[in-house]
Amino acid sequence: MVEGEGMPTEDVSPRFKGLDLWPVPDAVAALVEGQLAAMAAVVACRDALAAAVSAAVERLRHSDGRLVYVGAGASGRLAAQDGVELAPTFGWPDRRLAFVLAGGEGALVRSVEGAEDDVAAAERAVETLAVGSRDVLVGVAASGRTPYTLAVTKAAHARGALVIGIANNPGAPLLEAADVSICLDTGAEVVAGSTRMGAGTAQKAAMNVLSTGIMIGLGRVHDNLMVDLASRSIKLDRRRVEILTRIVPADPEEARQALIQASGDIRIAALWLRGLDQPAAAALMKACEGHLRTALARVESQAPPHQRAPGQSLPA
């Protein structure tokens, strides 16, 4: 097969012929239009994204499995960017996050020539990480044919991992190898073959939706509020207080004290303000699989809030 054959992402669009001669405003308008078209490709994948979220939540809810991001080149860097934000934003534990990137961590800041073709390295990485049936693997490749990414996904699938494949060409091998396929059909790029542009934008948006949807499903969002912030800073400590007072009516000082009692855990602090001591709150959150809404409903059903002071245990 000729290089690029059957890959719309590698096509040269006649619409943008002579782009280097266009007036700057026209060239910029074309580039912006390409980004909008990329987002339209994400919109078309809403059902596939929903299926991926549901499958991943089901796999991760009842185990200590990991989210494993896989990619090479620009796709790998975008995958790593999405994954690395899960800890500070949603409190996702580092032990439940892994990256399999062609060329290793060094490829995040510079191109590693030939790494995307190293199938042996891909298979070794899966073996070293001991990827298995508890894990959810997200493989990303614009072409959907990158040898490294394809080798990792196939090896992980053989070991029982749930594989989510994200590619930008219909019928790509990566999509065929995945349990759940997300085809972001972005077509030809404004600048031919530069998949860091339209294809990359669609990948980033899709992974943002996917990972955020998984975090919602695992109880790390209450209403539309982040309730499992991990990072500590003056800004985020202030944000914790604001979030807590939106969930449980309290003045800022009372909320700060609750967060101190809860070691900064917003969900435990909310239950403390509803009358539970820290051990009882932690036990209830575990029983409710991390879902604060369920835990608050159980507290409300057992005793009205005005009958308990913060930090008391539930009545027998």
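The model is predicted, so local features need pLDDT of at least 70 and side-chain atom pairs count only at pLDDT 80 or more, while totals for chains, interfaces and linings use all residues. Numbering starts from 1 along each chain as its sequence is written, and side-chain values use heavy atoms, leaving out hydrogens and water.

E289 has a phi near 55 degrees, a positive value in a residue other than glycine. E289 counts as partly exposed because its relative accessibility is 42%; buried means under 20% relative accessible area, exposed over 50%, and partly exposed in between (1.4 Å probe, protein chains only). D223 also isn't a glycine, and its phi is positive at about 55 degrees. This residue falls in the loop between strand 6 (221-222) and strand 7, and at 51% relative accessibility D223 counts as exposed.

Helix 11 (residues 266-273) is mostly covered, with eight of its eight residues buried. Among them are R267 and W272. The buried residues of helix 11 pack against strand 7 (225-226) and helices 9 (234-247), 10 (252-261), 12 (278-287) and 13 (292-302), contact being heavy atoms within 4.5 Å.

Elsewhere, L36 belongs to helix 1 (residues 24-43) and counts as exposed, at 60% relative accessibility. As for D117, the loop between strand 2 (97-101) and helix 5 (119-129) holds this residue, which is partly exposed at 49% relative accessibility.

Methods:
Helices (H or I, at least four residues) and strands (E, at least two) are DSSP runs, numbered from the N terminus.
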